[in-house]
Amino acid sequence: MSQSDLKKTPLYEAHVAAGARMVPFAGYAMPVQYRDGVLKEHLWTRESAGLFDVSHMGQARLRGVAPLSAFEEVTPGDFIGLLPGRQRYSVLLNRKGGVIDDLMASRPDDDGLFVIVNGACKDGDFAYIADELVPQISIERLEDRALLALQGPKAVDVLKTHIPECAGKVFMDSWATTGWGVDVLISRSGYTGEDGYEISVPGHAAERIWIALLEDERVRPIGLGARDSLRLEAGLPLYGHDVDETVSPVEAGLTFAVSKKRRDAQDFPGAARIARELAEGPSRVRVGLKVLDGPPAREGAEIADADGQVVGVVTSGGFAPSLGHPIAMGFVPPALSAVGTALKVIVRGKAGTAQVVAMPFVPNRYVRKV
Amino acid sequence: MRFTKDHEWVALDGDIATVGITAYAAEQLGDVVFVEVPDIGKTLKQGDDMAVVESVKAASDVYAPVSGEVVEANAALGEAPDTVNAAPEAGGWFAKIKVSDPSQVEALMDRAAYETFLQTL
């Protein structure tokens with residue numbers, strides 16, 4: 001795809017003006033970093049507040065007579081039990097129990113279900129949901145809305161100067177409100193492991209809101225490069241890398257997204273495979289690796305056991321700015337997945353030493369109580 | 001100092017060429033977190049893979065700007081890879097190569113030509 005075919009978010013001009021390096025991502029021209037660079041942007045988010053443009057992600061409203069129960073036909077989550085004002089992480093499943101995409105679904109108001117999916121998958125996701133669920137539900141894609149993420153320990157103090165009630169919310173709360181003179185949909189969540197918010201705003205107001213948030217000296221703009229290193233440290237899988245249509249939620253370490261009630265009912269796509277994996281264990285599992293010596297092990301690097309036998313592959317990895325050493329995620333057989341297991345990662349033909357460690361690599365700081 | 005289109009620099013003292021990556025390359029890579037320098041004694045042809053430099057984002061190959069034998073590698077980059085960002089054309093050097101054909105160095109761009117080349121990117 002040539003640069004001119006790329007779509008632009010409503011914040012494109014603001015990124016360029018801020019010195020961003022723009023790269024193609026999910027069909028959009030997106031900022032991979034600003035003038036500070038990935039390392040400083042990453043550390044700033046962990047110590048203060050980072051502002052991200054994630055408007056490439058797919059936002060939609062699902063409406064109908066009973067949109068919550070309808071949504072259970074394509075996911076393994078307990079959506080019938082999703083309370084107003086709450087958000088849930090879930091996965092779209094295919095009939096083989098593989099993950100089509102991961103997503104956030106919430107009830108910010110009484111207007112059905114508000115869904116946010118990955119940018120690279122959004123057309124396929126909504127086509128699949130439509131195939132399975134229309135006419136039980138209708139899908140309205142909110143392509144005129146932008147999505148901002150404000151992440152970091154100071155996000156709450158920054159945002160409460162604009163949206164006072166945000167300080168009283170907890171992790172995975174979701175609500176509709178008015179801010180900056182327009183309608184906004186907010187959740188207290190994100191994908192960095194930090195406390196923070198994801199804020200859906202009308203596209204025409206996005207640049208004004210972006211600038212208003214950046215006027216606070218605690219906030220700096222953060223690119224996709226640091227977004228990736230932050231989510232890696234947080235142990236969060238990236239769809240298309242750590243999870244794809246062949247991977248089940250059990251293999252991916254996302255069993256928490258398969259609700260107890262739904263496990264018993266086995267009433268979702270691929271339920272038989274998932275029940276079997278829960279009973280007998282999967283053939284591979286996603287683990288976290290600390291690379292003890294040598295270069296970073298990145299996506300595609302082979303994982304070997306202590307004898308040098310290849311047992312798996314790295315699905316994402318890199319240098320962890322908050323830890324000062326390389327980390328990775330990858331799939332290995334369950335017998336080699338226990339914390340402390342010594343493994344090797346093969347980079348450019350040389351075996352580096354690695355060890356299975358618990359994820360998240362950096363403790364998350366979600367606010368579950370206020 | 002001479003320069004390649006792949007953004008390596010070469011400084012020739014006698015028949016020993018000190019090589020590294022340019023300030024432009026270091027800026028483009030961003031924060032360097034790991035450098036794999038060549039083994040001493042390795043014989044390189046001009047254009048061969050010589051080293052690997054890794055930023056938070058990605059790994060990039062560095063090519064030998066001249067042919068010859070590696071006589072020294074910058075071991076200090078193991079502990080302080082960020083020297084490549086701080087002093088790319090000084091303390092951030094990668095290797096010293098005993099050149100087999102000094103005319104290869106003369107054929108590379110001088111600084112004025114390299115800076116003109118950067119304007120075209």
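Predicted model: local features only at pLDDT ≥ 70, side-chain atom pairs only at ≥ 80, totals over all residues.

I'll go from domains to chains to the core.

Where the two domains of chain A meet, domain 1 puts in 17 residues and domain 2 puts in 16. On the domain 1 side, α2 and α7 of chain A each bring at least two residues, and α2(A) gives the most, with four. By class, that side has seven nonpolar, six polar and four charged residues.

Now over to the contact between chain A and chain B. Here we've got 13 residues from chain A and ten from chain B. The chain A side gets at least two residues from each of α2 (38-47), α7 (224-233) and β16 (310-320). Its residues divide into six nonpolar, five polar and two charged.

Next, the core. Nonpolar side chains tend to be buried together in soluble globular proteins. Here, the largest nonpolar core holds 128 residues. Which of them touch the most other members? In chain A that's Val115(A), Leu148(A), Leu150(A), Leu289(A) and Val345(A), and in chain B, Val35(B) and Ala95(B).

Let's zoom in on Ala95(B). Setting aside neighbours within four places in sequence, Ala95(B) contacts Val19(B), Val37(B), Pro38(B), Met50(B), Ala51(B) and Val70(B), plus Glu72(B), Ala73(B) and Asn74(B).

That's my tour, thanks.

Technical notes. Residues numbered from 1 in each chain as written. Chains lettered and ligands numbered in written order. Core = buried A, V, L, I, M, F, W, Y, C linked by C-beta atoms within 7 Å. Buried ≥ 20, exposed ≤ 12 C-beta atoms within 10 Å, placed from the backbone. Contact = placed C-beta atoms within 7 Å. Nonpolar A, V, L, I, M, F, W, Y, C, P; charged D, E, K, R; others polar.
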